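Please keep the sequence and the 3D view open while reading.

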Amino acid sequence: RIFPDSEQASVQVARELAAFIRQRAQEGRPAVLGLATGSSPTRVYEELVRLHREEGLSFQNVVSFNLDEYFPMAPDSLQSYVRFMREYLFDHIDIKPENVHIPDGTVPADQVAEFCRRYEEQIREAGGIDWQLLGIGRTGHIGFNEPGSGAASRTRLITLDHITRTDAASDFYGEENVPRRAITMGVGTILEARHIVLLAWGEGKAAVIKRMVEGEPTDTVPATYLQHHPAVQAVLDEAAAAEL
Ligand code: GLP
């Protein structure tokens, strides 16, 4: 779906997400959301906050699972995804704290595998992810599934690609400060979501969007595996769609 600009696209995605949350609330059921960080979804989150404040959208029935977190990472650190989610969304809505799940960047290294196993179990216990929001990295990563991540990969510790660390350098005041690793849901975990919406804005994403949509599915561009999913949408602005 190609929109004239990211503003209109983001507002539309937020409306659709809000409609889903409300529909589930009417049915007395939870809405299980997979959430993303990065610059792409920020305007969607702002719009959800506005809908909460001005139109009474409640998040009491929402259960959330974030895609990823740097490792190691303290939750109160400027660059942590825990902090990001609080600033853009969780501090401004009525989601129940016990329903929020974000990979824990403070787990001791020898316990990460067990943490990841438990994260997958929690997603299953919640009934699986209904609605997964995604961004895309210039390497073709979704979550932090860098090139080499297979279609069946699960939540795990991964090593960040050099390009990803370059892209994150300004957030960390220099590439040398960017963590070398991260915990991420796997490609397989993401593909189990019932509905997936990937957001991409700007000319910097045009080349990877072309590869994602038109390239053969391959682990060198993990986002190409989304082609196998029965209910996925790429929501783009005109600049990100320019090479299609
Ligand atoms: C990070 C996140 C990804 C995100 C990507 C793109 O690597 N871990 O989940 O999709 O950045 O970020 P942006 O939306 O800022 O382009």
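According to UniProt, in an unreviewed entry, the feature "domain: Glucosamine/galactosamine-6-phosphate isomerase" lies at residues 5-228. The model shown is a predicted one, and in it the chain over residues 5-228 is 35% helix and 15% strand, with the end C-alpha atoms 27 Å apart.

**Helix α2**

- Helix α2 runs over residues 42-55, and because each of its 14 residues is taken at 1.5 Å, the helix should span 20 Å, which agrees with the 19 Å between its end C-alpha atoms.
- The buried residues of α2 are Arg43, Val44, Tyr45, Glu47, Leu48 and Leu51, and what covers them includes the helices α1 (6-26) and α3 (81-88).
- After α2 comes Gly56, which has a positive phi, near 70°.

**Helix α4**

- Helix α4 covers residues 112-125, and at 1.5 Å a residue its 14 residues should span 20 Å, which agrees with end C-alpha atoms that are 20 Å apart.
- Buried in α4 are Val112, Cys116, Tyr119 and Ile123, and these residues are on the same side of α4 because they cover an arc of only 55° around the axis.
- The face of α4 turned away from its buried side carries the exposed residues Glu114, Glu121, Arg124 and Glu125.
- The cover over the buried residues of α4 includes the strands β3 (62-66), β7 (156-159) and β8 (181-184), together with the helix α6 (187-191).
- Following α4 is Gly127, whose phi is positive, near 100°.

**Helix α7**

- In helix α7, which spans residues 206-214, the buried residues are Val208, Ile209 and Met212, and they line one face of the helix because, seen down the axis of α7, they fall within an arc of 100°.

**Around the ligand**

- Which residues come nearest to the ligand? Of the 13 residues around the ligand, those that come nearest are Gly38, Ser39, Ser40, Gly135 and Gly137.

Note on methods
Residues are numbered from 1 along each chain as its sequence is written. This is a predicted model: local features need pLDDT of at least 70, side-chain atom pairs count only at pLDDT 80 or more; totals for chains, interfaces and linings use all residues. Helices (H or I, at least four residues) and strands (E, at least two) are DSSP runs, numbered from the N terminus. The expected span of a helix is 1.5 Å times one less than its number of residues. A residue is buried if 20 or more other C-beta atoms lie within 10 Å of its own, exposed if 12 or fewer, and partly exposed in between; C-beta atoms are placed from the backbone. The arc is that of the directions from the helix axis to the C-beta atoms. Two residues are in contact if their C-beta atoms, placed from the backbone, lie within 7 Å. A residue is near a molecule or strand if its C-beta atom, placed from the backbone, lies within 6 Å of it. UniProt positions are given in the numbering used here, feature names are shortened, and annotations may be inferred rather than shown by experiment.
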